[in-house]
Amino acid sequence: MSIELRLSRASRIYRPSEPLEGKIIVKSPSSISHYGIRLTLNGSVNLQVRGGSAGVIESFYGVVKPIPILKKSVEVRPSGKIGPGTAEIPFSMILRQPGEDNLERFYETFHGANISIQYLVSVDIMRGYLHKTISTTVEFIVESDAADLFERPVSPEMVIFYITQDTQRHPLLAELKSGGFRVTGKMSTQFSLSDPITGELTVEASALPICSIDIHLLRVESVLLGERIVTETSLIQTTQIADGDVCHNMTLPIYVILPRLLTCPTILAGPFSIEFKACIVISFQSELSKLHSKSDPTSPRLWIAMETLPLELVRTR
């Protein structure tokens, strides 16, 4: 016997004011009796602080309670029988009723290192004491309601940046320190999640040949633990802008597409926050870099210059 939850949308994306619809598909070679078929919706913000993270001692691991967002249960079918073969049982549940008091606001689905915002729909076929309950669970994705969205278009705020040997706070190779380099450009820092990060970059001068220019997308997750805030920054994705030693004074385009489940609108809540940054990293050709090829790409190194810009992500209509 098998059970499957099939949602009405292949994308599995729903807004809080919309009904979650689909079918419960039961396949059985013979007729089965049951004591009811129940559908349950659960949504929560799961917070954790990994042992040793930002100097937090191991005993703090996993002590932060989840923040409930949504918990609803409804009986789809009362006690009865399911015949042999394939049975399809339709369902429809409103995520948020108008005027309903919610446990917490509907944050968008997000999967991070320390913070996970997740929405699940489960179905249980109760079979009584002698038989095991048959269950299955599917994750669905929540995006902000239209009423909570920004009007389009969000004019992308362009921030002008320049990267030289004097803007770096870490030690550099002697040739870079003495000979110098200058990279200038501009990049959008406030924009819609459905739009790419855009901008441009120009290498004006460089004492050493350039190996690569990359844009690292970083997430900054902060969790309130007792009276202190534990913050961890982690790398989401890397987009290479240039490979090899680029022509000087030539404008290079910046175009970075955001990954859906690893990003969400910037959140500044009481118990937690989710923010994002873009780190422009210029790697210069050096024998040293070949010895450390597996190092963290965002760690300051002698052969690397970097500039980090805060991003504000919003969902638009």
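## A three-stranded open sheet

Three strands make up an open sheet in the order β1-β3-β8, and their pairing is antiparallel. The edge positions belong to β1 (2–7) and β8, each of which has a single partner strand, so one side of each is left without a neighbour in the sheet. On average, neighbouring strands of this sheet are turned by 20° against each other, with direction ignored. The model described here is a predicted one.

Strand β3 (residues 19–28) runs antiparallel to β8, and 10 bridges join the two. As a general point, strands of a sheet pair through backbone hydrogen bonds, in either the parallel or the antiparallel sense.

## Strand β5 and its two partners

Strand β5 covers residues 37–47 and is mostly covered, with eight of its 11 residues buried. With strand β6 (residues 67–77), β5 pairs in the antiparallel sense over nine bridges. Within that pairing, Asn42 stands opposite Lys71 in β6.

β5 is also joined to β10, by 11 bridges, and these two strands again run antiparallel. Here Ile37 stands opposite Ile125 in β10. In general, the side chains of a regular strand alternate between the two faces of the sheet.

## Aromatic pairs around Tyr119

How many aromatic pairs does a search of the whole structure find? The search finds six. In one of them, the ring centres of Phe106 and Tyr119 are 6.0 Å apart and the ring planes stand at 5°, so the pair is stacked; the cut-off for stacking is planes under 30 degrees apart. This pair links distant parts of the chain, 13 residues apart: Phe106 sits in the loop between β8 (85–94) and β9 (110–111), while Tyr119 belongs to strand β10 (residues 115–125). Phe106 has a relative accessibility of 7% and therefore counts as buried. Tyr119 also counts as buried, because its relative accessibility is 0%.

Tyr119 forms a further aromatic pair with Phe140, and this pair is tilted, with 5.9 Å from centre to centre and 45° between the planes. Again distant parts of the chain are linked: Tyr119 in strand β10 and Phe140 in strand β11 (residues 134–142) are 21 residues apart. Both Tyr119 and Phe140 are buried. Through ring pairs, Tyr14, Phe106, Tyr119 and Phe140 are linked into a cluster.

Thr238 is a residue of strand β16 (residues 228–243). Is Thr238 buried, partly exposed or exposed? Its relative accessibility is 41%, so Thr238 counts as partly exposed; the class lies between the limits of under 20% for buried and over 50% for exposed.

Which residues does Thr238 touch, leaving aside those up to four places away in sequence? Thr238 touches Asp214, Ile215 and His216. Thr238 and Ile215 are 23 residues apart along the chain, yet their C-alpha atoms are separated by 5.8 Å. With His216 there is a polar contact of 2.7 Å, which joins the side chains of Thr238 and His216.

How values were computed
Residues are numbered from 1 along each chain as its sequence is written. This is a predicted model: local features need pLDDT of at least 70, side-chain atom pairs count only at pLDDT 80 or more; totals for chains, interfaces and linings use all residues. Side-chain values use heavy atoms; hydrogens and water are left out. Rings of Phe, Tyr and Trp (its six-membered ring) pair if their centres lie within 6.5 Å; planes under 30 degrees apart count as stacked, over 60 as edge-to-face and the rest as tilted. Helices (H or I, at least four residues) and strands (E, at least two) are DSSP runs, numbered from the N terminus. Buried means under 20% relative accessible area, exposed over 50%, partly exposed in between (1.4 Å probe, protein chains only). Two strands pair if DSSP finds at least two bridges between them. Axes are lines fitted to C-alpha atoms, for helices over the stretch in contact, and angles run from 0 to 180 degrees between N-to-C directions. Contact means heavy atoms within 4.5 Å. A polar contact is a pair of N or O atoms within 3.5 Å; within protein, one must be able to donate a hydrogen and the other to accept it, and residues adjacent in sequence count only if both atoms are side-chain atoms.
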